[in-house]
Amino acid sequence: MKIAVLPGDGIGTEIVAEAIRVLDALDLSFEMETALVGGAAYEAHGHPLPEATLKLAKEADAVLFGAVGDWKYDKLERPLRPEQAILGLRKNLGLFANFRPAICYEQLVGASSLKPELIAGLDILIIRELTGDIYFGQPRGRRTAVDGHFPGAEEAFDTMRYSRPEVERIARVAFEAARKRSKRVTSVDKANVLETFQFWKDIVTEVHKDYPDIELDHMYVDNAAMQLVKAPKKFDVIVTGNMFGDILSDEAAMLTGSIGMLPSASLNSSNQGLYEPSHGSAPDIAGKGVANPLATILSAAMMLRFSLNQAEAADRIESAVKHVLASGLRTGDIWSEGTKRVGTREMGDAVVAAITKKTITG
Ligand code: NAD
């Protein structure tokens with residue numbers, strides 16, 4: 001099993017280092033190879049996704065990714081900005097299905113901005129289509145308007161589009177995932193206004209005929225945004241397009257209190273995947289040793305489960321994380337009165353100790 005390790009920028013290097021220590025503690029045999037990506041790769045090679053990094057990622061069974069970006073690169077032309085590396089990896093590896101679980105750990109109920117009764121026991125999965133929609137649709141650009149409200153004025157435009165196979169495959173991913181959970185899928189669209197999303201809704205409904213054991217409902221994205229804060233537990237699996245998924249998955253992330261807790265997986269049709277925390281490179285706390293490494297450690301657990309066929313090892317990591325939280329250790333982002341504040345390294349140490357001392361079962 002080969003893992004491409006791409007720590008990236010900012011806190012990326014600190015949190016990925018902890019995830020690697022956790023993987024090492026499992027005593028499984030992985031080959032791990034590290035490469036530069038994002039701003040770090042731009043500094044060294046003049047490009048955020050150098051050929052060698054892309055080649056390594058393509059050859060690996062899975063990619064463990066930290067985060068990329070820093071404000072200092074904001075003035076670079078778009079193709080050279082660190083964030084382009086993520087888009088390039090998604091596109092080149094065909095990573096069309098993004099899994100973002102939003103789980104509220106019992107010990108962190110108080111960290112949410114919502115009332116405990118709304119959030120306790122929350123366990124939802126957002127599946128976001130990742131390689132289509134308005135983020136990739138062509139044509140796009142700037143031009144002089146020839147019609148619209150202000151003919152002759154400067155305007156910008158993007159294209160929202162989805163093809164039948166793109167919607168069919170993400171719908172199947174969602175129904176399959178629901179089969180392993182509570183067998184409910186909510187497809188989120190804007191079919192009342194957008195042709196693309198009426199098409200989306202029609203196709204999801206068609207694909208659903210192959211999954212009679214799964215309950216399907218449809219919801220407009222504006223309502224879904226409201227329901228996520230009003231009654232999040234009524235959802236189980238949410239499937240949606242690239243742009244709506246981008247926004248809703250961040251909203252769901254914050255339901256659980258800290259973005260520092262949330263892992264993610266992006267998979268292609270052969271289960272090769274890129275695993276990364278849901279947060280960015282956090283330049284404001286980079287280098288201080290205070291970042292929460294748990295989202296990255298939990299992303300490594302998802303990697304073991306989805307791409308490396310090591311479900312038992314994934315369970316061990318997840319149990320270790322619960323054990324550490326139950327013992328009262330907290331990084332600053334999830335700290336509250338009565339708990340012990342620790343740094344990135346100490347949090348990693350505690351997870352490793354929970355795994356190696358075999359204090360954890362199942
Ligand atoms: P961010 O997620 O990096 O940070 C938002 C806030 O959350 C900050 O206050 C940060 O300190 C805090 N935070 C994030 N992760 C944390 C952790 N593990 N532990 C404790 N606190 C944490 O988002 P941002 O500030 O909007 O963006 C910073 C940079 O990251 C930008 O350059 C952006 O483009 C990039 N970015 C990268 C990715 C990615 O690599 N996948 C995703 C989002 C943003």
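## Two helix exercises

In this model, the axes of helix H1 (residues 12-25) and helix H12 (residues 344-356) come within 9 Å and cross at roughly 10°. The model is predicted, so local features need pLDDT of at least 70 and side-chain atom pairs pLDDT 80 or more, while totals for chains, interfaces and linings use all residues. Residues are numbered from 1 along each chain as its sequence is written, and side-chain values use heavy atoms, without hydrogens or water.

**Exercise 1.** Work out how H1 is oriented relative to H12, and which residues meet.

*Step 1.* Two packed helices are described by the angle and the distance between their axes. Here, axes are lines fitted to C-alpha atoms over the stretch in contact, with angles from 0 to 180 degrees between N-to-C directions.

*Step 2.* The crossing is roughly 10°, which makes H1 roughly parallel to H12 (angles under 35 degrees count as that).

*Step 3.* Now look for contacts (heavy atoms within 4.5 Å). Among the H1 residues that meet H12 are Glu14, Ile15 and Arg21; the H12 side includes Arg345, Asp349 and Val352. The residues of this contact divide into six nonpolar, three polar and five charged.

**Exercise 2.** Find which residues of helix H3 (residues 51-59) are buried and where they sit around the axis.

*Step 1.* Pick out the buried ones (under 20% relative accessible area; exposed is over 50%, with a 1.4 Å probe and protein chains only): Thr53, Leu54, Leu56 and Ala57.

*Step 2.* They cover an arc of only 160° around the axis, so they lie on the same side of H3.

*Step 3.* Turn to the other side: Glu51, Ala52 and Lys55 are exposed there.

*Step 4.* Finally, the buried residues of H3 pack against strands E1 (2-8), E2 (31-34) and E3 (62-67), plus helix H4 (84-93).

Notes
Helices (H or I, at least four residues) and strands (E, at least two) are DSSP runs, numbered from the N terminus. The arc is that of the directions from the helix axis to the C-beta atoms. Angles under 35 degrees count as roughly parallel, over 145 as roughly antiparallel, 65 to 115 as roughly perpendicular and the rest as oblique. Ala, Val, Leu, Ile, Met, Phe, Trp, Tyr, Cys and Pro count as nonpolar, Asp, Glu, Lys and Arg as charged, and the others, Gly among them, as polar.
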